[in-house]
Amino acid sequence: MIDLFIKDLRFKKENTKPFNSIQNIRLILDYFPNSDKNIVLNKSNKELLKVNFKKYFNQIYKKGNRELLRIYFKKAVEIEKEIEENLHLKYISINRQTVQIAQEYMIKNMVGVNDAYHFAIAVQNNLDYLLTLDGDFEQITHVKNTPSVLKV
C-alpha cells in the first residue's frame, strides 16, 4: 500500500497514471510539511529518499481521512489476488508440531521467532528452497535435512 501511495505522489515524475484521483493526491500532499511537499513536487529522486512517506500515510489514516487512502487498500488486495492466481500459491497452516519445530530452532540456533516459524513451516512441508531477503537464515543452513536458503 505504501508503494502505491508513493507511486501516486510521484506519478508526474514517472509519467504514470495514478491509482487515486488527482484531487485526492493534492489533498494528501496538504498533509506534508512544505519542505517535504517541495521535495515530492520538485526535487530529484535522491532527495525523495529522505521523505518519510510511511509516516504521512499513517498520519492521514489515523486522523480519520481514510477515504483518501481507501484506493490503496483496495488496489493492494487486487494485486495480491492477481499474484495468487498467477503463482498458484498453496496455503498452509501451522499446528502444534510447527510450533515445536520453531521453538527448537529458536533455542538451538538462536533464531528470531518469525524466522524460526518460516523455517519450521518450510521443513514441515518438505520444501527444497526458502527464498528470502533476510540474512538471518544463515544460522540454520548447516542443519541437516533442511531447505536450501537462497538469499535474493
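User: What makes E67 and R70 a salt bridge?

Analyst: In this predicted model, the closest N and O atoms of E67 and R70 are 2.7 Å apart. A salt bridge is defined as a side-chain nitrogen of Lys or Arg within 4 Å of a carboxyl oxygen of Asp or Glu. The 2.7 Å separation is within that cut-off, so the pair counts as a salt bridge. As background, side chains of opposite charge can pair when their charged atoms come close.

User: Why is E67 called exposed?

Analyst: The relative accessible area of E67 is 56%. Buried means under 20% relative accessible area, exposed over 50%, and partly exposed in between, with a 1.4 Å probe and protein chains only. E67 is therefore exposed.

User: How do you know whether R10 is buried or exposed?

Analyst: R10 has a relative accessible area of 18%, so R10 is buried. The side chain of R10 meets that of E14 in a salt bridge, at 3.3 Å from N to O. E14 has 31% relative accessibility and therefore counts as partly exposed.

User: What makes K75 and E78 a salt bridge, and how are they placed in their helix?

Analyst: The closest N and O atoms of K75 and E78 are 3.3 Å apart, and the two form a salt bridge. Both lie in helix α7 (residues 70–87); because they are 3 residues apart there, about one helical turn separates them. Helices are DSSP runs of H or I with at least four residues, numbered from the N terminus. K75 is partly exposed at 24%, and E78 is partly exposed at 37%.

User: Why is Q59 called partly exposed, and where does Q59 lie?

Analyst: Q59 has a relative accessible area of 27%, which means that Q59 is partly exposed. Q59 lies in helix α6 (residues 53–62). The C-alpha atoms of Q59 and V77 are separated by 21 Å, with the two residues 18 apart along the chain.

User: What are the domains, and how many Å separate their centres?

Analyst: The assignment gives domain 1 (1–87) and domain 2 (96–151), with bounds from an automatic or database domain assignment. Their centres, taken over C-alpha atoms, are 35 Å apart.

User: What conventions apply to numbering, confidence and atoms?

Analyst: Residues are numbered from 1 along each chain as its sequence is written, and side-chain values use heavy atoms, with hydrogens and water left out. As the model is predicted, local features need pLDDT of at least 70 and side-chain atom pairs count only at pLDDT 80 or more, while totals for chains, interfaces and linings use all residues.

Definitions and conventions. Helices (H or I, at least four residues) and strands (E, at least two) are DSSP runs, numbered from the N terminus.
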